[in-house]
Amino acid sequence: MIKTFKMNLNQIKQDWKSRGYSFGVFRDPPGQVWAEFVHRTDELMVLVEGEIEVEIECKVQSPKIGEEVLIPANAVHIVGNVGQTNNVWYYGYRN
């Protein structure tokens, strides 16, 4: 199931906190790629501005602004800015 947020920073922070997740912000230039990451805990992310591609265990997704993506614990993943402008995305790790 895809969870979609209206882009309200406080709503997302509160929702994630109630679900046991931290909250942070990444701002990436065009072409930025975060490759081959693995975390020991689940990670949530949601795109706020721009375009992004997320590959989780060899399955590629292109979430729209406001669509939440769950990256399961121990999953190899890649996140990249595939647009022509800077992007902004929120992320959080399960506490």
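Modeller: Happy to! Let's begin with a single residue and its contacts, where contact means heavy atoms within 4.5 Å. Leaving out residues up to four places away in sequence, Asn87 touches Phe26, Arg27, Asp28, Leu47, Glu49, Gly50, Glu51, Ile52 and Asn81.

Colleague: Before we go on, what kind of model is this, and how are residues numbered?

Modeller: This is a predicted model, in which local features need pLDDT of at least 70 and side-chain atom pairs count only at pLDDT 80 or more, while totals for chains, interfaces and linings use all residues. Residues are numbered from 1 along each chain as its sequence is written, and side-chain values use heavy atoms, with hydrogens and water left out.

Colleague: Thanks. Is Asn87 buried or exposed?

Modeller: Buried means under 20% relative accessible area, exposed means over 50%, and partly exposed is in between, using a 1.4 Å probe and protein chains only. Asn87 has 0% relative accessibility, so it counts as buried. Its side chain also has a polar atom 3.3 Å from the backbone oxygen of Glu51. That is a polar contact: a pair of N or O atoms within 3.5 Å, where within protein one must be able to donate a hydrogen and the other to accept it, and residues adjacent in sequence count only if both atoms are side-chain atoms.

Colleague: In which strand does Asn87 lie?

Modeller: In strand E8. Helices (H or I, at least four residues) and strands (E, at least two) are DSSP runs, numbered from the N terminus.

Colleague: And how do strands make a sheet?

Modeller: Strands of a sheet pair through backbone hydrogen bonds, either parallel or antiparallel. Two strands count as paired if DSSP finds at least two bridges between them.

Colleague: How many bridges join E3 to E8?

Modeller: Six, and the two strands run antiparallel.

Colleague: Which residues make up the largest nonpolar core?

Modeller: A nonpolar core is a set of buried Ala, Val, Leu, Ile, Met, Phe, Trp, Tyr and Cys residues joined through side-chain atoms within 4.5 Å. The largest one has eleven residues: Met45, Leu47, Ile52, Val54, Ile56, Val69, Ile71, Ala75, Val79, Trp89 and Tyr91. Strands E3 (43-49), E4 (52-56), E6 (68-71) and E8 (87-93) each give two or more residues to this core. E4 gives the most, with three. Apart from this core lies another, of eight residues, including Ile12, Trp16, Val46 and Tyr90.

Colleague: Last topic: how many salt bridges are there?

Modeller: A salt bridge is a side-chain nitrogen of Lys or Arg within 4 Å of a carboxyl oxygen of Asp or Glu. By this rule there are three. Arg19 meets Asp15 at 2.5 Å, N to O. Arg19 also forms a salt bridge with Glu68, with the closest N and O atoms 2.8 Å apart. This second pair links distant parts of the chain, 49 residues apart: Arg19 is in the loop between H1 and E1, and Glu68 is in strand E6.

Colleague: Where does the remaining one, with Asp42, find its partner?

Modeller: Asp42 pairs with Arg94, the closest N and O atoms being 3.3 Å apart. Asp42 sits in the loop between strand E2 (33-37) and E3, while Arg94 is in the segment after E8, 52 residues apart. Asp42 is buried at 19% relative accessibility, whereas Arg94 is partly exposed at 39%. As for Asp15, Arg19 and Glu68, salt bridges that share partners join them into one network.
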